[in-house]
Structures are given as structure tokens and as C-alpha cells.
Amino acid sequence: MRHRPGRLLGPLLVLLLVGAGPDGSGETVSLDGDRPGERLDVTLTRVVDPAGRADAERLVAVELRLENTGSVPYEDSPAPAAHLLDTAGQRFTGTAAATGAGPSLPDTVTLAPGDSASGFVTFRVPADAGLAAVQFALDAGLGDDVGHWSLS
């Protein structure tokens, strides 16, 4: 189901719910941006948990594939556009931190129509956190159209 709420509702209140594999991977979600012609297909390829340790936290790496299916160039920062939700309801914003899982998506991705990019977004979560879902929205995570992949 898709929703296009007003900005006042916020991207967390309305989600694009998607079925996926047991780790949330494999599903592609089409998301519209705020600009006319801005459209991206986002695929959650895999989740690497743990992808490392950082002090008392663990790192979780989420591999995403971004494909510009729109008619205008796409330029955005994918890490802050991605969020990881834990089973306690906490929300963690992605970073471009390197892990052993594989190459990170760059700080800024620029894609011409038809182009794609793949890489990991990393999250720092408490060591005992249960993973519930991954979310992604265009426009640095502020877009109205939100992709949601359940991890449980």
C-alpha cells in the first residue's frame, strides 16, 4: 500500500509496507521524490548483523541497491535517508562508516536516469537490540514516500 501524506504527518507515520525474505532482503520498492520526475527503485539486498563492534554497540550493515527509474538525475545522501528500527521502537540513522561487510554507498550518490549504485549503509545499535525494520526515503530521508522492509 502506498501513501502520499502531507509533510506535517512525517515519514514515520505512513509507511510503504513490503513483504520480504526472512532478513527483509530481496524486495524492491519504488519511491517518488519531491521533484517532478524523481523516482528511485530501492532494493534491500542483505543485512549483515553483526558487521562489527564499536564500544558497547554493535554495527549492522544494510546493503541497498538504488536505481534511478525517473526522468531526472537523482542526487542525494543515502546514509541519512536510511533508518533501522529496533524491536523496542528506537530509530537509528544510517552512516557511511566502513565495515567488513563490503563497500559503503558514497556520502553523495548521483545517478542519471537508468543508472544504479549499490553499497552498504551502517547503523550503530545497542549490543542487545533486536532488529525490526529498515526504512528508506528520498530527499535525505525527508521524502513523503517511505520504503519499509520488515526484518522479523
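This briefing covers the confidence, the fold and some side-chain pairs of one protein.

This is a predicted model, in which local features need pLDDT of at least 70, side-chain atom pairs count only at pLDDT 80 or more, and totals for chains, interfaces and linings use all residues. Residues are numbered from 1 along each chain as its sequence is written, and side-chain values use heavy atoms, with hydrogens and water left out.

**Confidence**

- The mean pLDDT of the protein is 85; pLDDT is the predictor's confidence in each residue, from 0 to 100.
- A pLDDT of 70 or more is reached by 84% of the residues.
- Residues 1-22 have pLDDT below 50. Beyond near neighbours in sequence, this stretch has 49 contacts in the model (contact means heavy atoms within 4.5 Å).
- Where pLDDT is low, the predicted coordinates should not be read in detail.

**Fold and surface**

- The protein has one helix and 11 strands. Helices (H or I, at least four residues) and strands (E, at least two) are DSSP runs, numbered from the N terminus.
- The order from the N terminus is β-β-β-β-β-α-β-β-β-β-β-β.
- Of the contacts with a separation of 6 or more, 64% join residues 24 or more positions apart.
- Of the 152 residues, 47% are buried. Buried means under 20% relative accessible area, exposed over 50%, and partly exposed in between (1.4 Å probe, protein chains only).

**Salt bridges**

- The count comes to six salt bridges. A salt bridge is a side-chain nitrogen of Lys or Arg within 4 Å of a carboxyl oxygen of Asp or Glu.
- Arginine 46 pairs with glutamate 63, with the closest N and O atoms 2.9 Å apart. Arginine 46 lies in strand S3 (residues 39-54) and glutamate 63 in strand S4 (residues 57-68), so the pair ties together parts 17 residues apart in sequence.
- Arginine 46 is partly exposed at 36%, whereas glutamate 63 is buried at 16%.
- Arginine 39 and aspartate 32 meet at 2.4 Å, N to O. Arginine 39 is partly exposed at 26%, and aspartate 32 is partly exposed at 21%.
- Glutamate 67 bridges to arginine 65 at 3.2 Å.
- Asp55, Glu57 and Arg124 are linked in a network of salt bridges.

**A buried glutamine**

- Glutamine 135 is in strand S10 (residues 131-137). Its relative accessibility is 3%, so glutamine 135 counts as buried.
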